[in-house]
Amino acid sequence: MPGSPFTSPNALTAPAHFGHTDSPSETQADSTSWIPLSIGLLSPLGILSRFQACNLFKKAGLHLPSPILLARVSTNLLFILITESSEPAAASQYLLGVGRADCTGPVAEIPLMGYANPDQVGGGLLSRLYSRAFIVADLDDSRRVVFVSADIGMVSQRLRLEVLKELKSKYGELYRQDNVILSGTHTHSGPGGYFQYTLFRITSKGLIRPSLNAIVNGIVKSIDIAHQNMKRGKLFVNRGTVENSQINRSPFSYLENPASERRRYSSDTDKEMVLLKMVDEGGQDIGLISWFAVHPVNMNNTNHLVNSDNVGYASYLFEQEKNKGMLPGEGSFVAAFASSNLGDVSPNTKGPFCVNTGESCNNPQSTCPVGGATMCMAMGPGKDMFDSTRIIGQNIYLKARDLYEKASQEVTGPLSSAHQWVNMSDVSVELNATHMVKTCKPALGHSFAAGTIDGVGAFNFTQGSVEGNPFWDEIRDQLLGEPSNETKACHKPKPILFSTGEMTRPHPWHPDIVDVQIVAIGSLAIIAVPGEFTTMSGRRLREAVKREFDSHGGPRMDVVIAGLCNVYTHYITTYEEYQVQRYEAASTIYGPHTLAAYIQLYRGLAKAIATNTVQDLPRGPEPPFFNIGNVTLVPPLMVDRVPVNKTFGDVLQEVIQQYRATEVAEVTFVGANPRNSAENATKHNFLTVERYTNTSDSWHVVQNDASWDTRFYWTKGFLGRSTVSIEWHIPLGTEPGIYRIRYFGHYRKKLSQSHSVSIPFEGTSSAFEITTL
């Protein structure tokens, strides 16, 4: 009997939702619950007889049905099964595991995924990227669910398929497409190149194996670590408001939603953070997952340093606090700050201004009088993008810390998961008793090319375009083909720029087959969505799923949205927002009824979980796995060379002898291409900051390249030459003493015409002193 106290190894209490186990007991009704009684049997004969126990119940005014089921679990505990609903006397527990693993990949010459800016390629490292995995299992380990939040732009279909393949080879059917959620934080500063659909391969310059492999390996390794560290524990959920950390970047779209609906909310963004706290049975902290709707785009499209942006900084702060004495990226506590319905939510809280004149461009087209849409950008709240990232990340962290400390609502109940593959280009949606509509083949509108105030597009495209441009339409028709009349009609009022659903060479440009998935951890339902839902879209989806759960009489469910999961399908706006065709609407690729289709599909999953009929859900059509070659537009790795009379790791520009906290220590070395390190699958730090200890006459590492206080810049020169500059932004509170900075790299050496190897090297700065202010 899964979940029964009779089979659970440490069963002192029975499950809160016994009526939802796989095997109902012989006297079970849906309202049946377990009540543990301390009526003893403190000796073999027992202080209380069954007759005396029944009399105690009658005196207490409790209704006893006939018959009752008495079960002696041990000589110290008696369970009485009655058909009278009541709360469990003690907390339910789960088996919990958490894990974190590096998934950074190559930090040089690879396009960064998010802004689709061809000039924005990696040129160094601000912070390492991590996959954070969380496993929850029933006490008897009959069911498991996995949630992964990775510091990447989004989860691609190719990435998910390769991860699931690796998990199956290691664990058989334990971790599957239905019980594993893969979610991207949506940082726009991580390496791209891990997609199989043509549109994304164009912006990423191909399918880049080192980038894809790093993410696949990191996700699998984080799950491995969580799997190996399962322990008994408890879950608690809390929620609260995060202030001063977001604005709606398409407020004119939001205003298209019905006034009666908007009046129900105090803001045009979701300010609520939902936090899941994990502790072991001894009360020791294990980890957390936080869901909060904000774009990680404080680091703008001029940035070339790989990093995890504002939510990654929040993870860094929380993990450093809990893993005291450990270097960044080390320690057992894992804190994930996952994405949610962030589609129209910007962290650049000063709002949009014309960068050339300084005046506001908060208008329906986001354009400036001089320079048009390309001059309209949102900024803030800091003095630069690094400062803004720190401020927003710290805001998120501080709220999470407060919620974590105060979390007291325990999550109890069984585990469930439901998943389907759906052809999203052909979903029939029942709007009401008389109206049926359909989704469309994928297509992007003209405003897609305009970008957003967080990352502007190019040429003369503007947001809010409901008519095409004859010039661009003619170029499209000649190069890619004209959209069919059927697709044009289906997407109205969107003027189609790229009819990606009708473009199939060399492979399809956009996915048709999409994952929809819900995982229920007791009273917490996680909706894994394959894209970026806007604020109001997310609200409608959450409410619909919650109503579906409630309608079946089960326990009250907390419902959260996990964004950028399993496959990327751009944006999902409401029908009303779609009509004005700003960037998010132009990027709603399955047409005006996309949201209605998703609501219908996720309600179906919720119903299956609530009625215990998940096994009856059709799997749907499996997604394709394309055979894609290794040809990319990324520059090939060359043999690295050094200037005359120099060697790799030599110092070109030294540190100065003395610094104070808040100053920047900087050193420049003869370098080599950082891809040499990543592409040789080396577990590698590019830098360390070390402090000299007199007592042991030795150097000790105090910072590494996962620290947000260090910056690693790679500059490519001519004929294989390059330099590396390392900055340490010395934080307040740094202990005075003697320090040095070290650089670690690999240079590529040619052994023959067809063979080359990467050889490790290192460089070290002179020692310098940090003094008190």
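A: Start at His-186, which counts as buried because its relative accessible area is 2%, under the 20% cut-off. The model is predicted. His-186 sits in the loop between strand 9 (180–184) and strand 10 (190–191). Its phi is positive, about 85 degrees, although the residue is not a glycine. Most residues other than glycine have a negative phi.

Leu-564 is buried, with a relative accessible area of 0%.

Next, the peptide bonds. Most of them are trans in general. The bond from Gly-380 to Pro-381 is cis, with omega near 10 degrees. Pro-381 belongs to the loop between strand 18 (376–379) and helix 8 (385–406). The bond from Lys-492 to Pro-493 is cis as well, with omega near 5 degrees. Here the loop runs between helix 10 (485–491) and strand 26 (496–498), and it holds Pro-493.

Asp-178 and Arg-176 meet in a salt bridge, 2.7 Å from N to O. Asp-178 is buried at 17% relative accessibility. Arg-176 is partly exposed, at 28%. The structure holds 39 salt bridges.

Another one joins Arg-128 to Asp-705, at 2.9 Å from N to O. Arg-128 lies in the loop between strand 6 (121–125) and strand 7 (130–137), and Asp-705 in the loop between strand 36 (698–704) and strand 37 (710–716), so the pair ties together parts 577 residues apart in sequence. Both ends are buried: Arg-128 has a relative accessible area of 10%, and Asp-705 is at 1%. Elsewhere, Arg-100, Arg-132, Asp-151 and Glu-319 are linked in a network of salt bridges.

Arg-539 counts as buried because its relative accessibility is 3%, and Asp-270 is buried at 9%. The side chain of Arg-539 also reaches the backbone oxygen of Thr-269, at 3.2 Å. Leaving out residues up to four places away in sequence, Arg-539 touches Tyr-254, Tyr-265, Ser-267, Thr-269, Asp-270 and Asn-341.

Helix 11 itself covers residues 535–550, 16 residues in total. It reaches 23 Å from its first C-alpha to its last, close to the expected 22 Å. The helix is mostly covered, with twelve of its 16 residues buried. Among them are Arg-539, Arg-540, Leu-541 and Arg-542. Towards the end of the helix, Glu-548 and Phe-549 are also buried.

For contrast, look at Gln-653 in strand 32 (651–653). Gln-653 is partly exposed, at 46% relative accessible area. Setting aside residues up to four places away in sequence, Gln-653 touches Glu-666, Val-667 and Thr-668. Gln-653 and Glu-666 are 13 residues apart in sequence, and their C-alpha atoms are 8.3 Å apart.

Key. Residues are numbered from 1 along each chain as its sequence is written. This is a predicted model: local features need pLDDT of at least 70, side-chain atom pairs count only at pLDDT 80 or more; totals for chains, interfaces and linings use all residues. Side-chain values use heavy atoms; hydrogens and water are left out. Helices (H or I, at least four residues) and strands (E, at least two) are DSSP runs, numbered from the N terminus. The expected span of a helix is 1.5 Å times one less than its number of residues. Buried means under 20% relative accessible area, exposed over 50%, partly exposed in between (1.4 Å probe, protein chains only). Contact means heavy atoms within 4.5 Å. A polar contact is a pair of N or O atoms within 3.5 Å; within protein, one must be able to donate a hydrogen and the other to accept it, and residues adjacent in sequence count only if both atoms are side-chain atoms. A salt bridge is a side-chain nitrogen of Lys or Arg within 4 Å of a carboxyl oxygen of Asp or Glu.
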